[in-house]
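Here are my notes for you, point by point. Have the model open beside you as you read.

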4 protein chains.
Amino acid sequence: MVNFDIIRTGRAVLHVTDLEKSKAFYDALGFILTEEDEDTLYFRGLEEHNHHSLVLKKRPVAAVEAISFKVRYEQDLDKLEELFLKQGAKVKWMEKGTQKAVGRALRVQDISGLPVEYYAQMDGAERLLQRYDLYKGAKVQRIDHFNCAVPDVQKAYDFYTKELGFACSEYTVDDQGQNWASWLHRKPNVHDLALMNGVGPRVHHIGFWLKDPMALIDGCDVLASLGYSGNIERGPGRHGLSNAFFLYLRDPDGHRIELYFGDYLTSDPDFKPIKWDLNDPMRQTFWGHKAPDSWFDEASEVLDIETGEKIAIKEPKLAKKKPQFVI
Amino acid sequence: MVNFDIIRTGRAVLHVTDLEKSKAFYDALGFILTEEDEDTLYFRGLEEHNHHSLVLKKRPVAAVEAISFKVRYEQDLDKLEELFLKQGAKVKWMEKGTQKAVGRALRVQDISGLPVEYYAQMDGAERLLQRYDLYKGAKVQRIDHFNCAVPDVQKAYDFYTKELGFACSEYTVDDQGQNWASWLHRKPNVHDLALMNGVGPRVHHIGFWLKDPMALIDGCDVLASLGYSGNIERGPGRHGLSNAFFLYLRDPDGHRIELYFGDYLTSDPDFKPIKWDLNDPMRQTFWGHKAPDSWFDEASEVLDIETGEKIAIKEPKLAKKKPQFVI
Amino acid sequence: MVNFDIIRTGRAVLHVTDLEKSKAFYDALGFILTEEDEDTLYFRGLEEHNHHSLVLKKRPVAAVEAISFKVRYEQDLDKLEELFLKQGAKVKWMEKGTQKAVGRALRVQDISGLPVEYYAQMDGAERLLQRYDLYKGAKVQRIDHFNCAVPDVQKAYDFYTKELGFACSEYTVDDQGQNWASWLHRKPNVHDLALMNGVGPRVHHIGFWLKDPMALIDGCDVLASLGYSGNIERGPGRHGLSNAFFLYLRDPDGHRIELYFGDYLTSDPDFKPIKWDLNDPMRQTFWGHKAPDSWFDEASEVLDIETGEKIAIKEPKLAKKKPQFVI
Amino acid sequence: MVNFDIIRTGRAVLHVTDLEKSKAFYDALGFILTEEDEDTLYFRGLEEHNHHSLVLKKRPVAAVEAISFKVRYEQDLDKLEELFLKQGAKVKWMEKGTQKAVGRALRVQDISGLPVEYYAQMDGAERLLQRYDLYKGAKVQRIDHFNCAVPDVQKAYDFYTKELGFACSEYTVDDQGQNWASWLHRKPNVHDLALMNGVGPRVHHIGFWLKDPMALIDGCDVLASLGYSGNIERGPGRHGLSNAFFLYLRDPDGHRIELYFGDYLTSDPDFKPIKWDLNDPMRQTFWGHKAPDSWFDEASEVLDIETGEKIAIKEPKLAKKKPQFVI
C-alpha cells in the first residue's frame, strides 16, 4: 500500500503556437479564463475552485509540457520524489513561485517517458457552478482524465497500480491476452489516466467532464456556428468502454480534447475491472461507428522535463492495430 | 367554410412601465432584440424571419394593446373587416406606416372584448436559427399561442370555429357538460388561441415555443442566476391537456409568459378533439402539481382599440373554480 | 392555385423479406404495432391517431410499394386523378376494402416514376402520446417525410410546386445554379417530400419525428444494447439544411429510416426558401461530419403500381457528386 | 485521522406494509429487482455491481430499520465497533449469513439515535449499465445519500467529522451562526449523509443518482402515466445547496425518495465548505419554488437496533423553521 495520496487529475500544461487562436477556441468551448499574460492562458471549468486546470503557453512548437496530478499533502510530494529516485527516474522540483498559482511541484519523466507533475497546492478561484448566466459552448465543468499512448502498457500499468496506488476500472487485451490498454483511476470514476499501446510516449487526449449529454450537443452546435466544425474529429457517440457519451475535438494546434460525460462510480475494492477484447466492435464505440484515421494515428508529443526538448517516440511493444486507441 | 386564411399567432403588443427592466428580462430569456427606440422594444425568437413577435411599449400602465394573427393575403384583411362589421364589432384600420415593420393591419374588439389584430405583411429580419453562438437563456424559438380568459367561452368558441375557421384540438367541460375552456388552432399544433372561463376579457399568457426540454431547464437556471427566480411562477411541469412541457413566468409588469414545448400535429380533419373533465387532476398538470393562486387569479387587462382605455372586465358565465385556467 | 388539399405525409408501404426480423427491429425502435397478420405488420408512432403510418409486407424482394400522402377531402382524390390523367400518368384506384384500415386510395406513378398514393380516410387507433409507460427505444412520435432520389429534380420540383401545391423550404444548387435538390412541404415544417438528384426513382429514406433530442440518444443506446449497432448508418448529427438533429438507420432489408427532430415552422407565404450551395460543407452536416459511402450510393427501389415489378432506374441528369444526397 | 475507511452510502433497509404495492412502485421508477422472497424485495440501480442498495421488508408498520455504509476492509468493522463502544453507543453484530447477500455487519444506534449499519462485503450482481434495453422509468443508476432529521446537528456533525472521517461540503447556519444543517461526504461528491435540525431522529429521504436530467423528466412522465402523480411531492427543481437537479417522491408507505443528479467533485482538502444562510431563498430551491408542508413536516421514523421498536423522537435544539429541511 502506498504512503501518499494522489487525489486526481489536476491540470495539463500545453505549448501552443498562436495564443489568440487558442484563446478563441477554448473560450468558445465554454472554458473560463482565470488569468492571462503575454505568453500564457490559464483556463478552468465551471465547477473548479482552483485557479486553473489547463495552461496554454505560447511556444514555437506545439507539445505537452506536463500532465499533472494533485496530491493530498505537501509531504506526499517528498514521498513521491523518494519513490521516483529509487526507480531511477528523472526528477525536477518546480519551487513555489516559479509557476503561477501553483505551490511546490515535482516533475518526473515517468516510466513511459511522459512528463508528469505532482502538486499539492493551487490558489483558489471563484467557483462559477451556479453562474449559469456564464455557461456557454459545451459548458465545460472540470478536468477529468489524461489518455496516453505508451510503447509498453504492461510496464506502465504495473508501476501505476503497484507503486502509485492507481486502481484499474477497465482494460483491453489482445488475442494473446496481453494488456493492450488500461483505464486507471485515483478519484472514483473510470479514469484519471488511460494507457494504451501505441507510438509513444505521447498524450492522446485530455478529457473534460460535462454537465450533461445536452451540453455536448449544444457544444457541437455552438462550435459549428463559430466556424469550428473542422475541429470536431469524432463523435458524438457512446463509448462501450467507460460508457461515457463523448466528443473528440482538435484544438488549433492539434491537441486533442475529449468532452466526456456519464461514466460510473468505481469506489469499491470489490469492483471487478471490466475486460474487453481488442476486437470487440462495441468496445470502441457502443453504437458501432468507426473512428477516423487521424484519431488512431495522431497524438501530441511530450517534452523532456529538464531540456524541454521533445522526447523521442518509440514503436509499441504489441502489434499496432486499428483500433489502436480506444477512448 | 371561411374565405380567408388566418395562418398563425403573429405577435403581441404589450404596454410595460419600465423599458429597461423589460429589456433585461426578455434578453435574459433569450429573445433577440431586433430594434428599439425610446419607447419601444421589438423582440423576436431565434427561428423567426419576421421583424418581431413581441412589442413592448413604454406606457404608464401595464396592459395588452393587441394580440395579433398573421393572415395569408392582403385581401384577407378586407374579408375579415366585412365579417366583423357584419357582426357589429368595433373595427379600426392601422394603415401601413403607422406601425413599425408591419403592413396595413385590422384591429377589432372581438366577441369577448379582446383587442385582436390581423396583418398580412411584416418586414423580414435575419433568421438566427443556426447562430447557436447567440443562443442563451431559454433559447426562445418562436411565438406559439395566446391564452385568454373570457366570460362566455361557448360564445367565443362558436365565433372562432364557425366564423374564423379555427379548429378545436382539446377542450374542458364542467359538471353539466358545458364548454369551460377550448384550445383552438389555425396552424396545425394544439393552439393559436385558448379560451377559458374566467374574469375577462383578459390575456392570461402568451406562449413561446422552445427548441427542446433542456432549453426550459437551462432557462430556469439562467433566470435564477440572474436574480429572476421570483419571476418563475409555475413549473416546470407537463400539461395533461396539450402534453406540453411548460414553465410560466411573470415579466417585470406581471405579464405572463409561457415557455412551451412538445405538443403534437393537429393537421387532420379526422382528429377528434380531446375532452377533459374540469375535475380531472391530470388535466391541469400531468404530474399532479398544483398551480399557485396567482396563476388562477391574475391576468393582464386589455385595451379598447379606439380609446386605449382598459376594457371593463366581467365575471364569467360558468362557475369560477380553481382550477380556473389550465394551460 | 390548386383546388385540392394534400395535408401531409401519410404512410409508407414497404416490402420486406423477413417479417420477424422487421418486427423486432421496428419494435426496438419504439414503434407501436397496431395490427398484424401472417404477411403484414401495421406500425404507428406514439402520437398517431390513425391506424398506421408504416406497412411492412412480406415479399420475396425488398422494395417500396408506395409512399402515401393524406388529403383533406374524399373528393380531393377525384381532382387528383383528373390532374394525373391530364398529365398522362399511370393511375390506379385501390377501392375501399382492398387495403386494411384505409379508404379509397389513388395510386399514381408520379412524374419521376415514384409510386405515390393518396388517401383521405384511415381508421383510427388509440393515440398513445401520454402512455409514457409504453415509450421505448427512440420513442418514435409520427411519420414526417419522404426523401427520394430522382433523375430530374427540376422537372419533379415544377410538378410538385405548380400542380400539387407544395411549397419549397430549402434547396440546393450546383455550380451552374441548377436545382440539385429541393425540400418541399404541405404541412408547415421543412418537408413532406425531398427530391434529390440521383439514380432513381428510388426512395432514399423515410423520416420519423422524435419527441426530443434525448430520444435520439436513448434510441442509439437501446438499439446498440439489442445488437443493432450495425444498423446505425450515420449520425447523430445536426443537418445544416433543415437544422434537424438526425440519425440514419438501415432496417433488416436495408430500407433507410431517419430519426428526425427539430426543424421549424414554414407556414408563411413570405418565408424565403433557403438556398444552399452543393459544396457548402455545412449543408450536409452542420458539425462537419462526412457521411459514409453507403448513404450516398444506396436507396430502396420502387415498384410499378400496376405490375408490381421494379421500376427501371436511370442515371441522374445533373452530375452525381458526393455529397449526392443530403438530408 | 481515522484508522478505518467508510467508502460510501451502501444500502437502506426499510419496512413497508404492502410488498406488492412497493414492488410495483420501485419497478415503475426503474429499479432492478435482484431477488425477492415472501417478505422481502432486494432492489439495485442500473450501474450497481452489488446485490442491492434497497431492501424492503414486509412488516406491520412502516419504518427505517437501517441506513448502511460500506467500508473498505473487514477489519474496519472491528475498529468501528471499538469506537462506538468507547462512545457508549448501542452496538449489535449481524453475523454473516443472517442477512441475505451481506457479510458480517455492525449495527449501531448513532449519536442522534439513527440505526446505522456498516458492512464490508456484499455479493455481486450483474451490472446492467449497458443494458439500455432494460432502462425504464427514471432509470435509477445508484444509491447516493441519506438525509436525516436530528435534534442536535452540531453534536452529530462533530462526531461524523471528527470521529468517522466525514468531510463537509456545504452547510447552513441560522441567525446566530449555529450549525443548522450539514452535508457530509466520504465519497467525493456532495454527500453521503445530510444532517438537519428537526424532530428526530428520523430519515427524511434516501437519494438515488440518475443518469442525466432527462431521466428525471422521463421519470415524471412514466410515473404519471402509471397513476403515480400523487406520489410526486416536490420538484423537478434545482437545489441551490448542492446544485443538484431533483425530484422528491413518496413511496406507497410514505418513505421519501429523492431522484438526484448533477452535483460536483469534492475530492480536494482545500475545498472550502459552502456556507448558506437559513433564510437565503435560493438555498432551498435555486429557482425559487416553495416546498409543500408535507416535505417539511414528514419523515420516516427509525427503529431501535436491539428491540426493533420505534425510537422516541425529540424536538430539535434549534428553532424549527420552514424551511426546516433543505435538500
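1. Let's start with the pairing of chains D and A. How many salt bridges are there across the interface of chain D and chain A? The rule finds 6, where a salt bridge is a side-chain nitrogen of Lys or Arg within 4 Å of a carboxyl oxygen of Asp or Glu. Have a look at Arg8(D) and Asp268(A), whose side chains meet in a salt bridge with N to O at 2.6 Å.

2. A quick word on ground rules. This is a predicted model, so local features need pLDDT of at least 70 and side-chain atom pairs count only at pLDDT 80 or more, while totals for chains, interfaces and linings use all residues. Residues are numbered from 1 along each chain as its sequence is written, chains are lettered from A and ligands numbered from 1 in the order in which they are written, and side-chain values use heavy atoms, with hydrogens and water left out.

3. Back to the interface. On the chain D side, 36 residues are in contact (heavy atoms within 4.5 Å) with 36 residues of chain A. The two chains bury about 3000 Å² between them, 52% of it on carbon and sulfur atoms; that is the accessible area (1.4 Å probe) that two parts lose on being put together, summed over both.

4. Over all chains, the structure holds 120 salt bridges. In one of them, the side chains of Arg11(B) and Glu117(B) meet at 2.9 Å, N to O. Are these two buried or exposed? Arg11(B) is buried (under 20% relative accessible area, with exposed being over 50% and partly exposed in between; 1.4 Å probe, protein chains only), at 2%, and Glu117(B) is buried at 0%.

5. Lys57(D) meets Glu65(D) in a salt bridge at 3.0 Å, N to O, and both residues are buried. Lys187(D) forms one with Asp192(D), their closest N and O atoms being 2.7 Å apart; Lys187(D) and Asp192(D) are buried as well.
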